[in-house]
Amino acid sequence: MALPKRRLKTQEERKIYEKIFDNLTIQDLFKLKAKRIYESYIRLINEGKESKVLLVSSDEGLRVIKIYKVEASNFKRMWYYLEGDERFRRIGKGKRDVVYAWCKKEYHNLEIAYNLGLNVPKPIYFIRNLVVMEFIGDAEGKEAPQLRRVRLENPEEFFKNLMNQIKKLVREGKLVHADLSEFNVLVKDNKPYIVDFAQATLLSHPRAKEFFERDINNITHYFKKYYDLDIDSDMIKKEIGRGIFYV
Ligand SMILES: Nc1ncnc2c1ncn2[C@@H]1O[C@H](COP(=O)(O)OP(=O)(O)OP(=O)(O)O)[C@@H](O)[C@H]1O
Ligand SMILES: [Mg+2]
């Protein structure tokens, strides 16, 4: 993948942005640029129902800007995760308040995971509905593929590594990812990198145990189905969640 050989001129960049973003987002993107959080837009990596993920360059290497689509966001779902989170009890209930809190939550959750030394994108900055983070991929700008797109060479080792990271996240970070799946685990150098932390919740969330069990079930189910691994998901849940979710 060729990276831009020169910096995009502001006007060129604005033209590109006008095709993909609303005015408020364009304003925020230029604010980030003025702060030198990034230098130049490169391309769109992913467009989902609720977000757009952009690849950008910066003085310190490639970065990603994840932009939540305020209008298309599922506020009810966001609120459902936010209201049980003691860090976000005081937020307003307007659409924008909820999406901004969601973004801030993703940033702070990434910070917890990154500080534990887990393989997650380093969080760089957040503003309103935008989160800036490290790019997980190669130096040419090719993103690390999602787990579901890859045939692993050593699935046992990969699975163990992933479970060790989840164990650390839960036991030391006091966080449950709450959307762990083959879509949110990327593969780089045969190792798992976890993304998409907005819905991750503290252990004190009233539904943390339910989210934790669903995470482990999703991943064990995937490795059983596609790699025929002999995994006892209940044992894994007990091992990771002992003293937290189980006696
Ligand atoms: N830091 C990153 N480095 C490389 N690729 C990334 C990064 N963050 C996200 N991606 C890519 O973009 C995809 C979507 O990102 P993410 O899972 O955070 O958003 P999402 O809210 O799930 O989007 P969707 O609306 O599609 O569900 C990821 O599965 C991954 O392929
Ligand atoms: Mg995702």
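Which residues is A144 in contact with, leaving aside its neighbours within four places in sequence? The points below come to this after the overall picture.

1. This is a predicted model, in which local features need pLDDT of at least 70 and side-chain atom pairs count only at pLDDT 80 or more, while totals for chains, interfaces and linings use all residues. Residues are numbered from 1 along each chain as its sequence is written, and chains are lettered from A and ligands numbered from 1 in the order in which they are written.

2. The protein holds 7 helices and 9 strands, where helices (H or I, at least four residues) and strands (E, at least two) are DSSP runs numbered from the N terminus. Its C-alpha trace spans about 60 × 45 × 30 Å along the principal axes. The radius of gyration is 19 Å, which agrees with the value near 18 Å that a compact globule of 247 residues would have; this radius is taken over C-alpha atoms, and the globule rule is 2.2 Å times the number of residues to the power 0.38.

3. The protein is divided into domain 1 (10–134) and domain 2 (147–241), with bounds that come from an automatic or database domain assignment. The centres of the two domains, taken over C-alpha atoms, are 24 Å apart. In contact across the boundary (C-beta atoms, placed from the backbone, within 7 Å) are 16 residues of domain 1 and 21 residues of domain 2. On the side of domain 1 that touches domain 2, the largest share, 7 residues, comes from helix 4 (residues 95–115).

4. Ligand 1 is surrounded by 22 residues, the closest being N46, G48, P121, I136 and D196; a residue is near a molecule if its C-beta atom, placed from the backbone, lies within 6 Å of it. Strand 1 (40–47), strand 2 (51–57) and strand 3 (63–68) are the elements that give two or more residues to this shell, and both domain 1 and domain 2 supply at least three residues each.

5. A144 lies in the loop between strand 5 (130–134) and helix 5 (155–171). A144 counts as buried because 21 C-beta neighbours lie inside 10 Å, the cut-off for buried being 20 or more other C-beta atoms within 10 Å, with C-beta atoms placed from the backbone. To return to the opening question, A144 is in contact with I136, G137, L186, V187, K188 and Y193. For K188, the separation from A144 is 44 residues in sequence but 5.5 Å in space, C-alpha to C-alpha.

Definitions and conventions
Buried ≥ 20, exposed ≤ 12 C-beta atoms within 10 Å, placed from the backbone. Contact = placed C-beta atoms within 7 Å.
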